[in-house]
Amino acid sequence: MLNEEEKEEFRHLLKFLPEKELISLKDTITSKLIKTHSVEETIDAILTYTESASELLSRKKISRSCLFQYLANKKVPLPGSASKSDLVDKILHSPNSSNPEKFFQLEKVPEKVPEEQNLALQFASWFYKQINSNNPKSSQVQSEPWGPQHFWYDCKLVLTIKTADEYRREEYIDANQVAERLLNLAKDELLIFNPNLENFGTKGKLNKHGLMMVGVCGTLHQGSNCLGIFEQNFGLIRDPAFQNNWKIKYSNLFVQSKDVKQTPRLGQESLEALDWHTNNK
């Protein structure tokens, strides 16, 4: 994912793209799952779901003209014959600080991510790909069979649904019930979970007893419609009889129907599913 400095610099670069091209780029990167209502929201979506600087610069929509204007605005001298690959190389490998042409250093060596945070991101990525792959309209491929084997036998799921017309709470206890209810969300209700896999959208915390707590937020979709947001937390415990892999002990899922105007962040909303986060900082 892009760091904050990279995002800030790319905001300047993307403003050299026409709005129509921005929207097309956003649709490509987000698979048309995110709807936006302004140029700033479109740019925010692009930057949130971009994996790296080189990936974004390699996109066809990032034209030679856009890159040339961006570098010219930074007063970087360039030959008029420079190709797109020359311009990309100029951005990714800017000169050292003693050179007056230096304008920004992209793709710095990433800061070391704490082990618990790295585990949380890996788990969230795996879990929602597994869920979404059961949606018959999803293009995501299931990496392994879905079922109760991923949950402790006495696992508990609390599902809270909030819409304009209702506020409903459902509880399920035992691995089979929990696995079946989560499966139905994708298979029968045709929902797609789009988790925010940035550090501000997914968080992990390991307590002294070995319970790994994971909190995730994101947007909820059905076909081409963005229905609202979701917040979900998990308690994970290693199972020595299951190759010491992590299995889900409990989960609280909160879904809300609402107009989504920006990328969800943990702690940004009234998060009923993430009480643990505010109590365990």
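The stops below concern confidence, a helix pair and a pocket.

This is a predicted model, in which local features need pLDDT of at least 70 and side-chain atom pairs count only at pLDDT 80 or more, while totals for chains, interfaces and linings use all residues. Residues are numbered from 1 along each chain as its sequence is written, and side-chain values use heavy atoms, with hydrogens and water left out.

**Confidence.** Colour the chain by pLDDT, the predictor's confidence in each residue, from 0 to 100. The chain has a mean pLDDT of 83, and 86% of its residues reach 70 or more. Helices here are DSSP runs (H or I, at least four residues), numbered from the N terminus. Next select residues 268–281, where the pLDDT is below 50.

**A helix pair.** Select α2 (residues 19–30) and α3 (residues 39–48): their axes, lines fitted to C-alpha atoms over the stretch in contact, come within 9 Å and cross at roughly 35° (angles run from 0 to 180 degrees between N-to-C directions). Show the side chains of the contact (heavy atoms within 4.5 Å); among them are L22 and I29 of α2 and V39 and I43 of α3.

Finally, select F123, W126, N245, W246 and K247, the residues closest to the centre of the second largest pocket, which is lined by 15 residues. A pocket is an open set of points on a 1 Å grid over the protein atoms alone, where a 1.4 Å probe fits, with protein on both sides within 12 Å along at least five of seven lines; lining residues have an atom within 4 Å of a point.

Definitions and conventions: Helices (H or I, at least four residues) and strands (E, at least two) are DSSP runs, numbered from the N terminus.
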